[in-house]
Amino acid sequence: MPSRRSLLKAGGVLAAATLAPGTVGTASAQAEERSADPWRKVPDILRKIRPPRFPRRRWEITAFGAVGDGTTDCTAAFKAAIAECHRAGGGRVVVPPGRFLTGAVHLLSNVELHVSEGGVIAFSTDPNAYLPVVFTRWEGTECYNYSPFIYAHGQRNIAVTGKGTLDGQARQGPWESWYANSGPQGADQRALRKMGDDGVPVEERVFGAGHYLRPAMVQFVKCQNILVSDLTILEPAMWTVNPVLSTNVTVRGITVVSTLYNTDGCDPEASSYVHIHDCRFNTNDDCVAVKSGRDADGRRVGVPSENIVVQDCSFSGRWGGITVGSEMSGGVRNVFAERCVINSPDFPGNYPVKYPVYIKASKKRGAYVEGVYVRGFTGQNVDREVMFVNMAYQSGEQGTEPVSVRDIRMERTRLDGADAVLNLVGLETDHLSGVRLEHCVFTNVTGPNTITFTDDLTLRKVFVNGVEQ
């Protein structure tokens, strides 16, 4: 492995970086460091996250005409059961064992949709089942589009729970053909992004029928007090669990398996006080990706994602484990992730994780990422680098916005197998700042680090292939 000085070189560029010494020399410095420990914030964050509770009343969807034969359209039954539960002041809408075919399911305040063990909600493969269009965010830009498969807007105290399954059936639908082999999604994607950049009023950004923007699986927009727990979620058409502009969110104990492209596991977007824990992600994209809107439209809305805690998850997805961006134009701060396992042999994924920590930003996105803290990660067979911070993400996009990425920390992490530990890409105009690794052990690392335009890099008690850095 390279020396400390050679750590700072890449492609002939010497980054403006400072490596701290291996120890802190004075007791006062140590005390100051302990007081600045960002993890001291976590207990207070978690105290403010409370899953919703519901009255002990229940309505079975079969009482409203649902038939669990996998072919009968149960959309009207879901709608009627949810409406009745809401009108009565709330409770639990129960999906019993069986396979229940439906279109879009819209939740209302004080309703828990509970999928019993042996119960499956199978979502229609017909795009028309997700009309009329609803207000949504698609890849971080506001618009009207096909309804997400499970959706709520402006509701309070909502949940999707149970040991059952949500089956998006994405492989059986047209969704893959919309993007594969230069499919028609690309034109709509470019049109929506241009509308966002040009400031076209949101009510004029109407897609849906005749267009090809795939809907998310579970999306809650401008909601409070959310719980998603215990479910197995299969084959979404797009992002899987996506709270947007929401607060007090708990996602726990879910298993996500996705194979279509761009099917992240959980994407808290412009949301705050989010707790994701004891989940398993086998995804064809990022596992957990913190977002806050895209480009000019994200800056217009201007709501950050913050105070997000991820604990005790298994990451077996194709790209990032804990990821920020790339849609981060509203800003991101205070993201904590601990005790997660990368490429666990007990939960093998379709693809190995490329980057356990992956941060994507650019001058097109602008805004800031301040405070991403990782500790206690374990695992094996990282496909590329342990940490990839890329401030030049999709560098072909032209942008002039100031962008800041700072205070990225990893500690007490042990990983076996990677191309390199660090790939840090700052910009000549906007340096990456304050990357810190402490008490980490990396084995079977095959290549050197790449570090450009990075200030205040600290490696303390970091061992790579048995050698302290």
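The chain carries 50 positive and 50 negative side chains. Lys and Arg count as positive and Asp and Glu as negative, while His and the chain ends are not counted. The centres of the two sets lie 4 Å apart, with each charge placed at NZ of Lys, CZ of Arg, CG of Asp or CD of Glu. The model is predicted: local features need pLDDT of at least 70, side-chain atom pairs count only at pLDDT 80 or more, and totals for chains, interfaces and linings use all residues. Residues are numbered from 1 along each chain as its sequence is written, and side-chain values use heavy atoms, with hydrogens and water left out.

The secondary structure comprises six helices and 40 strands. Helices (H or I, at least four residues) and strands (E, at least two) are DSSP runs, numbered from the N terminus. The radius of gyration is 22 Å, close to the 23 Å that the globule rule gives for 469 residues, so the chain is as compact as a globular protein of that length. This radius is taken over C-alpha atoms, and the rule is 2.2 Å times the number of residues to the power 0.38. Along the principal axes, the C-alpha atoms fill a box of roughly 70 × 45 × 35 Å. Of contacts (heavy atoms within 4.5 Å) between residues at least 6 apart in sequence, 77% join residues at least 24 apart.

Strands E7-E12-E15-E18, in that order, form an open sheet with parallel pairing. Two strands pair if DSSP finds at least two bridges between them. Strand E7 (105-106) and strand E18 (241-244) are the edges, each pairing on one side only. Strands E12 (residues 150-153) and E15 (residues 218-221) share four bridges. His153 has Val221 of E15 as its bridge partner.

Six bridges join E27 (residues 332-338) to E30 (residues 367-375), and Phe336 stands opposite Tyr373 in E30. E30 in turn pairs with E33 (residues 403-411) over eight bridges. There, Ala367 faces Val403.

Most residues other than glycine have a negative phi, and most peptide bonds are trans. The bond from Leu131 to Pro132 is cis, with omega near 5°. Pro132 is in the loop between strands E9 (119-123) and E10 (134-138). A cis bond also joins Gly325 and Ser326, with omega about 5°. Ser326 is in the loop between strand E26 (320-324) and E27. Asn110 has a positive phi, near 70°. Asn157, in strand E13 (residues 156-161), has a phi near 60°.
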